[in-house]
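Here is a brief report on the fold of one chain. Start with the structure itself, then follow the text from strand to sheet to helix.

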Amino acid sequence: MNDPIPNQNQLIETKLKNRTQIQTEILQICRHLHARNLLAAADGNLSYRMSDQEILITPTGVTKAFMTLEEVAVINLQGDIISGHPSSERLMHLEIFRRCPKAKAIIHAHPPTAIA
Ligand SMILES: [Zn+2]
């Protein structure tokens, strides 16, 4: 008989899968932005709010087009670093997430034409 209520392992599996999917999308978006020359060198950063306790954010000092899934860092809304080396511009992301509870994702591009 099938148990309609997922057990703890299934819940953890679903959560990990979701995180991996979002990390993959972050990588894809970074590559698109880089291909369109909107992320020069290691500049620019992206973040995604899974929850207030789990915010995925691109790493500091890494060229986003060549970033790996494992390099995507995790922080929380209070600014604690859960894993990785989050972007040095994370405080700006956190401020936006705090002020806009509906905001799920932030893309901070660095088009050379805008910053030159
Ligand atoms: Zn910036």
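β1 and β2 form a hairpin, with two residues between the strands. Helices (H or I, at least four residues) and strands (E, at least two) are DSSP runs, numbered from the N terminus. The model is predicted: local features need pLDDT of at least 70, side-chain atom pairs count only at pLDDT 80 or more, and totals for chains, interfaces and linings use all residues. Residues are numbered from 1 along each chain as its sequence is written.

**Overall layout**

The chain has three helices and five strands. Along the sequence they follow the pattern α-β-β-β-β-α-β-α. The C-alpha atoms fill a box of roughly 65 × 30 × 25 Å, taken along the principal axes. Of the 116 residues, 21% count as buried. Buried means that 20 or more other C-beta atoms lie within 10 Å of the residue's own; exposed means 12 or fewer, and partly exposed is in between, with C-beta atoms placed from the backbone. Contacts join residues whose C-beta atoms, placed from the backbone, lie within 7 Å. Among contacts with a separation of 6 or more, 50% come from residues 24 or more positions apart.

**The sheet**

The five strands make an open sheet in the order β4-β3-β2-β1-β5, with antiparallel pairing. β4 (81-83) and β5 (105-108) stand at the edges with a single partner strand each, so one side of each has no neighbour in the sheet. From one strand to the next, the twist averages 25°. Two strands count as paired if DSSP finds at least two bridges between them. Strands of a sheet pair through backbone hydrogen bonds, either parallel or antiparallel.

β1 covers residues 45-51 and is joined to β5 by four bridges. Its pairing with β2 is also antiparallel, over four bridges. The table lists bridge partners and facing residues of β1.

| Residue | Opposite residue | Strand of the opposite residue |
|---|---|---|
| Asparagine 45 | Histidine 108 | β5 |

β1 is mostly covered: five of its seven residues are buried.

**The helices on the sheet**

Which strands does α1 lie across? Helix α1 (residues 8-35) lies across β1, β2 (54-57) and β5. It runs at about 160° to β1. Axes here are lines fitted to C-alpha atoms, for helices over the stretch in contact; angles run from 0 to 180 degrees between N-to-C directions.

Helix α2 (residues 90-99) lies across β1, β2, β3 (73-75) and β5. Its angle to β2 is about 135°. The buried residues of α2 are His93, Leu94 and Phe97. They span an arc of only 95° around the axis, which puts them on the same side of α2. That arc is taken over the directions from the helix axis to the C-beta atoms. These buried residues pack against β1, β2 and β5. The face of α2 turned away from its buried side carries exposed Leu91, Glu95 and Arg99.

**A loop residue with positive phi**

Asparagine 37 is in the loop between α1 and β1. Its phi is positive, about 65°, although the residue is not a glycine. Is asparagine 37 buried or exposed? Asparagine 37 counts as exposed, because it has 12 C-beta neighbours inside 10 Å.

Definitions and conventions. Contact = placed C-beta atoms within 7 Å.
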